[in-house]
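Visitor: I would like to learn how to read a structure like this one, feature by feature. Could we look at it together?

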Amino acid sequence: MSHLRAVPDAADDPRQTRSGSAAAVKVEAPGKVNLFLSVGAAGANGYHRLTTVFQAVRLIETVTARRQSVEAHGRITLDLEEPDDVVPTDATNLAVRAAALLAEATGVTEGVDLVLSKRVPVAGGMAGGSADAAATLTACNVLWGTGVEAKELEALAARLGADVPFSLVGSTAVGHGRGDRLTPLMGRGGYLWVLALAPRGLATPEVFRRFDELMAQGGDGGPAGSGGSGGGAPAQPADVPEAMTTALLTGDVTALAATLHNDLQAAAFSLRPELAEVVSVAEGAGALRAIVSGSGPTVAALVPDPVTATQVCRALKASGLVSGTLRVDAPVSGARVVG
Ligand code: C5P
């Protein structure tokens with residue numbers, strides 16, 4: 001049965017007094033890399049049609065949702081565990097919007113105090129804000145006792161952003177549509193990534209805009225075959241190559257590396273030319289492949305073992321091109337209650 005309703009109703013709704021029993025609920029949700037990203041033309045909603053393969057990486061955002069004091073009742077507040085000038089804590093923050101959307105959809109009026117611990121680089125193309133939203137939906141659903149089921153939570157997540165449903169689901173999955181219609185992908189084994197962090201973030205809309213400009217000039221999206229021959233992106237994105245699904249099924253890291261692809265990479269290179277160098281430094285130091293993650297500017301380098309990971313981190317730091325490196329394993333699970 002659905003617990004959602006289209007429009008919140010003011011008084012006389014028994015669900016407004018419904019509440020879970022915990023004083024606080026803590027949820028972790030992962031960031032992601034895109035193993036494959038093929039971009040088609042923008043639809044009427046302004047969003048580009050995508051085929052993408054997400055993989056959740058062990059770079060974890062934590063949201064604690066606390067029951068409010070009686071005086072504060074009804075507000076949604078947000079604090080950052082480590083203050084950060086570029087992360088807003090007002091109603092524009094995706095975590096606050098997530099709590100507000102769940103409250104509206106279920107008729108809850110009790111409010112919540114959210115505390116966010118961020119580990120995913122901001123504006124890095126790794127869906128950190130989306131992870132915050134996914135974690136908040138999950139945490140508030142438990143704190144408020146709203147019992148919204150997984151599929152319905154995914155539908156709410158999709159209203160918040162294209163990458164939010166994946167952060168709920170985690171592991172490895174194909175995204176269609178805006179990237180929000182998900183199909184889990186079977187796989188075995190684990191992978192090790194080195195992430196090359198950029199000193200400044202890139203805004204996703206800017207990267208899609210540059211992609212459109214490059215396509216209009218006759219740019220080629222690359223081996224996925226979705227590149228245009230002038231006059232804009234093809235209507236439909238390319239399918240996930242069978243070689244990639246097979247590599248994931250068998251856990252073959254070398255074969256997986258050969259199939260990594262990102263149609264947005266050329267746009268990210270065009271906006272930040274140094275990213276092309278970051279890719280060559282990582283590959284020169286032993287990464288099987290390195291690609292821009294999502295809309296960038298993080299570059300994700302797939303490495304065969306921990307020793308190579310160390311070499312790649314060292315080479316990237318020595319290059320002076322990156323603000324830092326992280327090594328993460330993948331895939332990991334989606335948003336989950338941890339306390
Ligand atoms: O959904 P999200 O808020 O993460 O998307 C941010 C922006 O990225 C969108 O407003 C749009 O400009 C661009 N985008 C797009 N096509 C997609 C996903 C995102 O054009 N499939």
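Visitor: Is the crossing of α1 and α2 right-handed or left-handed?

Guide: Before answering, note that this is a predicted model, in which local features need pLDDT of at least 70 and side-chain atom pairs count only at pLDDT 80 or more, while totals for chains, interfaces and linings use all residues. Residues are numbered from 1 along each chain as its sequence is written, and side-chain values use heavy atoms, with hydrogens and water left out. A crossing is called left-handed if the near helix is turned anticlockwise from the far one by less than a right angle, and right-handed if clockwise; the crossing of α1 and α2 is right-handed. Helices (H or I, at least four residues) and strands (E, at least two) are DSSP runs, numbered from the N terminus.

Visitor: At what angle do helix α1 and helix α2 pack?

Guide: Axes are lines fitted to C-alpha atoms, for helices over the stretch in contact, and angles run from 0 to 180 degrees between N-to-C directions. Here α1 (residues 94-106) and α2 (residues 128-143) pack at about 35 degrees, and their axes are 8 Å apart.

Visitor: Which peptide bond is cis, with omega near 0 degrees?

Guide: Most residues other than glycine have a negative phi, and most peptide bonds are trans. The bond from A330 to P331 is cis, with omega near 0 degrees, and P331 is placed in the loop between β11 and β12 (336-337). Another cis bond joins G296 and P297, with omega about 5 degrees, and P297 lies in the loop between β9 and β10.

Visitor: What is the phi of A123?

Guide: A123 is not a glycine, yet its phi is positive, at about 55 degrees; its place is in the loop between β4 (112-117) and α2.
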